Structure formats: structure tokens, C-alpha cells
Amino acid sequence: NNPSKDFVAVTLDEFRANWKYNHGDDKMQSFLAKTPIFVQWDDHEVTNNWYPTEVLVNSPLYEGNVSADELYNRSLQALIEFNPIESEFTYRSQRFGKHLEIFFPDFRSYRDPNPDNSNPTLTDMMGPEQVAWLKDGLKSSSATWKIISAHDPLGVVTGSEGDYDSFGNEDPAILGRELELQELLAFINDNGIENVVSLTSDVHFTAHVNLSPDRAEGGFTDFKPLDEFVIGPIHAGSFGPNYMDTSFGAQYEYEMGPLSLGYERWANLAPEVNELQSFGHASVSETGELHVKLIGIDGSVMYEKLMTPIIVDNSDSSSSTVASDSTESTGSLELPITTSNVFIQSGEVSDSSINIMARCNNEAGSTMKLWLDGAEMDSTDVNANTDFTHTFLVDGLSSRTKYSYQVQCIVADGTSLDSMEGSFTTAPGGDDEVEVSFVWAADLAGQGYGRNPNFSVTNANGETVTGGYIVFDTMEALSPDFALFQGDLIYADGAIPAAINYTNGTEVLGTWVNNPSKDF
């Protein structure tokens, strides 16, 4: 890891430092400048498997007893400052033309305690208000495909006894949070809502999961089959595949994790084993076909499925796995903390608006100016109170239109620092029959695997890509209209040491080098 990170975040500045560490990668900067994003969060933006009201007692990560709510509040402020989102961060949806609407639930902020997830009574994941919002949105949507961007999986078990972190709990009975999922599945069935798909992450392996009433063991079968596509980490440790909860008949149609390649199930394999790192790509054609691909960070297609929007989904799926070569890091190259004077990114794009976030990396009080297609659009003063960040809200834009933008930071003596040129394309209108494509990604710099200047991957085109977060080069080459970031985009609860040994579960396979250290 170069640079490395030697702390667990507790203070606001430490949460901010996690974002600065990842945003310093030049491949990530390039991707973000050209691709609008929609940001969700999961647990590691705060701490592992956290839930509201939790008190971390005698945790080896923290001194004394620590309130997860206090960590949450600091992390939330940093999340808002360092991402193109407005001051209120919540569940929401966005329409993209005639055939696509994406729903962004929040499975973290409104949940009941994890230890309650095996109870025979309802344990909230979303809570009643959010469940009502999702029901209403799915029912009222006229989009052909209704995509749920689920940053925790519906069918795969995460966590363990006493700390089941998602819906499942390894018991075929419908318990805890599964009662909330049962309510949602029943509503979809009873209201004849078709073409609902879940895109998910979090579990550090790649899979296609199908939920079906034909296999359901929980005593409830009045629901429609549902496909869930699972991505692995984009640059973090890999493990699994995890156990499945059979309450709603979930089973793997495809799976690829350490166990699939003969390693131990819970091996924490480095990104060096790059065939286990992945992201998702989905596209909707002008005629409404949905094509989902699970793609390795080298660009090879691991698995894909083409779905036609009909009442009964009988489309065939095909899969292939492609492994690529990687080169162990042996040199002493050093990556800079950041390569940009002004960091920029855009997000929350609609058919008429965009949010543009920027940071003055000189860390001096500055006037920040936003330029759109060569014209000055807005300006504001930034200082240490927001860690020299600001998000501009731009509206009145034309749909399906590409715009370029740039941000300047001007200090008191008149010196101007300029960002790279960024770009985005606004969403199509609700009646536009056009193709839309996007990627989804999660789990960055986890399990101690950070920015390694010698990490090398030979991509699907035979080109060698070296250094840093290689996945962003691969995703950028696909020219997606936007990206879904499903959480764990920082690991505030874990250090990135100068070096870390990775194993197959029992024996050391190699050393991932993180150097030099960065002691912010």
C-alpha cells in the first residue's frame, strides 16, 4: 500500500482522511471526473456491521466504550463533504428514460440491532416509512425495469450468529428482518409488479442468486422469482462464497470466490488474486432488454445474463470465467498522496440537474469557482470548516446532453489552481426510448489492501495496467452513463499497514506491500 494508513477513524478529521486517501488515486480521479455517481453507504464507512444505538464495548479497535451513533454522525458529515450529495443523505430513486428506474434504499441507518435478526418477530431493516416509500415507488413506476440497488444482499447470509448483518440468518424459517422482506415480496406479487431486479455487493465474492417460491423453505410461496446479481470487491480482500438462507428459495446460479478456486472459504485473498475482484455492468436497450454482466477488474466477463421484460422470465443465461495474470509487487515505486490540485466529481444526475463536488487540495482558504461549458456558473468560499470541500447544485439543464466542467480554487493572492476537465451527460426523459448503461461497485481499500504502485494486471485487451486502483481504468473504458457506489468505499474501521501477508486461510501466499506510510 502506497501510501499506507495507520489508524482507525474516530474523529471527524480521521473520517475525512479516509476519503482523501482513496480520492488521491489518479485512476479513481479520472473515472470520477467523467462519470456521475450515486453514493450509498454500508458499514465500513463507520465500523464493521454497525447499527444505530450500538455501543462498542471492549472492542480491540477503540479505547474504552464507543457509541456507534457518535461515529455515525462524524462519518456522515465526511460522507456529505467528500461526495456529490446534498446536505440530506437519504433513500431516493432516479428515472433514466422509458425502461429504467433505480431505487436506492438505506439498509444501514434505520435498522434494528443485529442480534435481534433471529427473533420470530419483525426486526426492521428499512423501517416502516422507508418500506412504504419503496412499495409506493415500485407500484407507481412506469419504467420497464425496476432496479433495487441493494447494498446488502437479500438472499446471501452475512455475519454470523448474534450478528447477522443482512436479511438472512441461516434458518429456513422466516425470522427477524426476513419478515420485512416477506412483506415487500408479497406486495410486489399482489400488485402485479414485474421486472424487479436486485443489484448488490458487500460479500466479497461474485455471484448470481435467484430467489424462487418453488424452492422456498419458509412456508411462504406467494411471491415472484427474483434475480439478484452480486459483485465482489473492486479492491479489497476476497472471501466466500457465503452460506445461503433458503427461506425464500435462494440458490446460486453462479458463484466465484476463494472456495471456487480451491482456497479456504474465509481466506482473505489480496487483490493480487485478481480474478476474484469484480464490478457490475448493466445496460438497457432501446427495446427494453436488460443485459447484466459481472466483470473482472481486468475487463473479462465472468458471467452475464440477458433478460427480456416479460411476465415469466424464461431467458437463458450463460457464463464463463476468465482468469488473468498478475505480477507480484517487488519494486519500490511510490505513489503521490494525490495528483490533483483540485479534486472533482459529479453525481445525482437527473434529466435536468447535476451535483458537482470539489475540494481545494492546497488546503488554503479559497474562492471556488465552477465553470460549465466554458461559462462561470457559480462560486463560493471554502475553508477548513468543510475541509475545503463544496458541492454545487446545478439545475436547468437539458436532458440527454453532454456537458464539460472545471473547478478553480483562487487564493487571496490571486493564485489560481485548476482541476482537470470533467464531463457528464444528463439523464434521458421519462418517455425516451434510449439505451442506458451503468456500472456498480463496492468495497474499496478493505482488509488492509490499499494503493500499491506495483500491483499489475493484464487486461482483457492484452494491455498491462499497473499501480493503484486498476478497476477504475477498466470501468472508465466501458463509458458508462453513471455509476452506483454501493458502500464500503472507505474502510474507516481498518488500517492500511505498510505491508500485509495474505493467506489461503491456513498458509501465507504472499505479501502485499503498502509503502510509504501516511500518518494522517
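Which residue forms a salt bridge with Lys20? That's Asp387, with the closest N and O atoms 3.1 Å apart. A salt bridge here is a side-chain nitrogen of Lys or Arg within 4 Å of a carboxyl oxygen of Asp or Glu, and by this rule the count comes to 19.

Some ground rules: this is a predicted model, where local features need pLDDT of at least 70, side-chain atom pairs count only at pLDDT 80 or more, and totals for chains, interfaces and linings use all residues. Residues are numbered from 1 along each chain as its sequence is written, and side-chain values use heavy atoms, leaving out hydrogens and water.

**Salt bridges across the chain**

- Asp387 sits in the loop between strand 20 (375–382) and strand 21 (389–394), while Lys20 is in helix 1 (residues 12–23), so their bridge ties together parts 367 residues apart in sequence. Helices (H or I, at least four residues) and strands (E, at least two) are DSSP runs, numbered from the N terminus.
- Asp387 is buried at 6% relative accessible area, whereas Lys20 is partly exposed at 23%. Buried means under 20%, exposed over 50%, and partly exposed in between, using a 1.4 Å probe and protein chains only.
- Glu476 pairs up with Lys34, and here the closest N and O atoms are 2.8 Å apart.
- Lys34 is partly exposed, with a relative accessible area of 38%.

**A linked network**

- Asp42, Arg108, Arg111, Asp152 and Asp165 are joined in a network of salt bridges.
- Within that group, Asp152 bridges to Arg108, with closest N and O atoms 3.5 Å apart. Asp152 is in the loop between strand 7 (145–150) and helix 5 (178–190), and Arg108 is in the loop between strand 6 (100–104) and helix 4 (128–140), 44 residues apart.
- Asp152 is buried at 0% relative accessible area, and Arg108 also counts as buried at 0%.

**The overall fold**

- The protein chain has six helices and 31 strands.
- Its C-alpha trace spans about 70 × 55 × 50 Å along the principal axes.
- Of the 520 residues, 59% count as buried.
- Take contacts (heavy atoms within 4.5 Å) between residues at least 6 apart in sequence: 72% of them join residues at least 24 apart.
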